[in-house]
Amino acid sequence: MHAFSFHNPCQIEFGQGQIAKLTQLIPINARVLVLYGGGSIKRNGAYEQLQTALSGHDWLEFSGIEPNPEYETLMKAVEYARVEQRNFIVAVGGGSVIDGAKFVAAAVPHEGDCWLIIGNRTQIKSALPIAAVLTLPATGSESNFASVISRRETQDKLSFKNPLVFPKYAILDPSLTFSLPTRQIGNGVVDAFVHTIEQYLTYPNEARVQDRFAEGILQTLIEIGPITLAEPNNYDARANLMWAANQALYGMVGLGQPQDWATHAIGHELTMLFGLDHARTLAIVLPALWRYRFAAKQAKLAQYGRRVWGLTGSDNTVAQHAIDNTSAYFQQMGLATTLSAYAIDAQTAADNVAAQLIRHNRLKLGENQDLSPEDCRAILITAA
Ligand code: NZQ
Ligand code: ZN
């Protein structure tokens with residue numbers, strides 16, 4: 001186990017009706033800006049509950065933050081917040097709205113080019129406080145300090161991380177997810193699954209608590225995935241999904257562990273180039289990456305196969321079947337595992353992703369920092 005330091009300052013309020021807690025949590029003299037997306041919050045009760053909770057507060061709203069939040073849109077929110085002297089952000093939505101809120105919170109007080117915040121190319125000195133109301137369990141963004149922002153004009157989808165943008169409060173009400181389309185539930189399950197995998201499935205590292213925590217999250221997702229797809233109003237299934245997705249990227253799974261994240265790096269380029277949903281890219285890349293890196297990952301794949309899938313046999317056999325089971329599970333969740341399923345030509349995707357990775361200086365990916373753009377090209381060709 002490697003050395004690590006851990007601190008997560010986010011206060012989590014979990015359960016039905018918890019939006020009401022915002023009345024007390026947000027200072028009464030705060031000048032609030034509520035951020036949201038395309039309007040789903042008006043159909044699942046979140047907006048109404050928020051209106052009630054903030055009825056004694058000074059608040060304004062900014063809507064239209066799109067999936068894979070766009071820099072241009074967010075800069076309009078930054079301008080609005082500056083003009084209206086907002087000093088507290090409430091984000092209501094999925095990972096895109098919450099990631100967007102983190103950028104807005106950092107950009108409002110920032111002097112200088114806000115684009116440089118993304119990619120951690122400039123220092124930020126402060127950020128507005130954020131309360132996140134989660135409506136789509138997937139990214140863990142509601143209680144972590146990462147944000148992924150897109151800029152279509154320059155074909156960039158880049159992240160930034162800064163402890164200053166940790167949400168101060170996260171409201172996790174599973175009943176707000178009842179309105180999610182099955183496509184987004186499938187996406188959420190797979191995204192949470194792959195977050196756990198990125199921090200777990202590398203090489204043996206004697207971090208037994210973290211390994212078993214990861215395996216527990218994976219088993220939970222395998223158990224509840226089909227139930228929550230089939231039964232949209234099953235509160236217990238949604239509650240377990242919401243908590244599993246939160247914990248997958250809360251910070252603890254990966255403590256002291258080698259981490260991979262190559263699937264995400266390739267996936268972000270696929271989203272930027274072809275507009276695929278974030279989780280859909282992961283379902284395509286992960287099985288192909290595992291087959292390509294089979295030797296380096298065999299020991300951990302075998303551990304995963306035995307403990308998570310209950311497989312038996314030699315390391316090699318168990319590892320192979322673990323990949324097959326994972327692929328079949330993604331498909332069961334409604335996500336295809338090939339590029340051709342989305343009518344994308346593998347050679348074109350491979351060439352363009354490799355070029356983007358070079359342009360973004362992502363030349364050494366993976367837990368051993370030895371996965372080159374050439375390797376990523378080869379992986380995508382096998383994901384045809
Ligand atoms: O815009 P609205 O109308 O709200 O609709 C959204 C959106 O169209 C809809 N939705 C959300 N909650 C709903 C709902 N529809 C009905 N009922 C509800 N309760 O779902 C659609 C997708 O929302 P989005 O926020 O884009 O999805 P997700 O949560 O999967 O977030 C994806 C973004 O997060 C980034 C991704 O790259 C992508 O940009 N990630 C952020 C991470 C982080 N901050 O740690 C890590 C992840 O790996 C990921 O990269
Ligand atoms: Zn993800």
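I take a polar contact to be a pair of N or O atoms within 3.5 Å; within protein, one must be able to donate a hydrogen and the other to accept it, and residues adjacent in sequence count only if both atoms are side-chain atoms.

**Basis.** I worked from a predicted model, in which local features need pLDDT of at least 70 and side-chain atom pairs count only at pLDDT 80 or more, while totals for chains, interfaces and linings use all residues. Residues are numbered from 1 along each chain as its sequence is written, ligands are numbered from 1 in the order in which they are written, and side-chain values use heavy atoms, without hydrogens and water.

**Ligand 1, contacts.** I looked up the side-chain N or O atoms facing ligand 1. In His264 such an atom is 2.9 Å from an oxygen atom of the ligand. For Asn68 the distance to a ligand oxygen is 3.1 Å, and for Asp99 the distance to a ligand nitrogen is 2.8 Å. The protein covers 89% of the 970 Å² of accessible area (Shrake-Rupley method, 1.4 Å probe) that ligand 1 has on its own.

**Ligand 1, shell.** I found 32 residues around ligand 1 (a heavy atom within 4 Å), with Gly38, Ser40, Gly95, Ser96 and His195 the closest. Domain 1 (11-176) and domain 2 (181-382), with bounds from an automatic or database assignment, both give residues to this shell, so ligand 1 lies between them.
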